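Q: Could you walk me through how some labels in this model were reached? I'd like to see each value set beside its cut-off.

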Amino acid sequence: LHPCFGKLLFILCDILAALLIHKILRQQNCSHNSAIFSAQLWLFNPLTITISTRGNAESVMSVLVLLSLYYLTKKNVSNLIMAAATYALSVHVKIYPVTYAIAIYFHINGKYGNQAPKFTIMPNRNRFIAGVTGAATFCALIAICCRMYGYEFLNETYLYHITRQDTRHNFSPYFYLFYLLPDVPMLSAVVFIPQLILILLTSFHFYEDLSFTCFLNTFIFVTFNKVCTSQYFLWYLTLLPLLVPYIHMKLRKAVTLT
């Protein structure tokens, strides 16, 4: 339509993400002023502005992730179906939200309907509904894209990330290791282990506060990933505004840590 169409779309998604941050916090009984302040932290973050206006589609992911959390906070079966479908779409678009799967599974336990709030790893009706909806949506999207693009889609969307190594424009703590040892075949797989262990631990311990768990898991995924470029930071900065009303910290300390 126009050379700027993509950038305008991404900026629009930034605004939608701010609206969703406000809605989620209000749904959690945060004050109106706190919700507005948190949304502004997202909108007026220089990194948010720069990433979208340079043409990165991360704000689309922000909307999909926040929309999934929004539907999950509604706590009824119809919204659970919407949450599962939106979550499956977000994993399809970019794979990192898959790190939320275990936490979401545990979270759907006594949080919907009249079920007792007792921890269990066993499936229940709502977990089954969410699982089937999410799996069906995800498989349907894969089938459509495989039909359109074949193996190229599978490789560039999923398989490539297993073996990918990038020693340029990379903030990863592993970048120099890969630079020195580019021909070690198992190295790409081994560096996933710290991510996996930490994500399992946080998912198990903090699943009741889903926004917090998703933030932690995203932060872990980005920090310990073998590839990390500047737009990756936006993945967890999307979720940080949802935590701000609950952080009790003096302004001086917050500025120092930042």
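This is a predicted model: local features need pLDDT of at least 70, side-chain atom pairs count only at pLDDT 80 or more; totals for chains, interfaces and linings use all residues.

Q: With neighbours within four places in sequence left aside, which residues is His 32 in contact with?
A: They are His 22 and Arg 26. His 32 itself lies in helix H2, residues 32-43, and the C-alpha atoms of His 32 and His 22 are 8.2 Å apart, with the two residues ten apart in sequence.

Q: What makes the pairing of the His 32 and His 22 side chains a polar contact?
A: The distance between these side chains is 3.5 Å, and the definition asks for a pair of N or O atoms within 3.5 Å, one able to donate a hydrogen and the other to accept it.

Q: Why is His 32 called partly exposed?
A: Its relative accessible area is 43%. Buried means under 20% and exposed over 50%, so 43% makes His 32 partly exposed.

Q: How do you know that the buried residues of helix H3 are on the same side?
A: In H3, residues 46-53, the buried ones are Thr 48, Ile 51 and Ser 52. They cover an arc of only 95° around the axis, so they sit on the same side of H3. Their cover includes helices H1, H2, H4 and H13.

Q: What makes Asn 45 a cap for H3?
A: A side-chain oxygen of Asn 45 lies 2.9 Å from the backbone nitrogen of Leu 47, at the N-terminal end of H3. Just after H3, Gly 55 has a positive phi of about 110°.

Definitions and conventions:
Residues are numbered from 1 along each chain as its sequence is written. Side-chain values use heavy atoms; hydrogens and water are left out. Helices (H or I, at least four residues) and strands (E, at least two) are DSSP runs, numbered from the N terminus. Buried means under 20% relative accessible area, exposed over 50%, partly exposed in between (1.4 Å probe, protein chains only). Contact means heavy atoms within 4.5 Å. The arc is that of the directions from the helix axis to the C-beta atoms.
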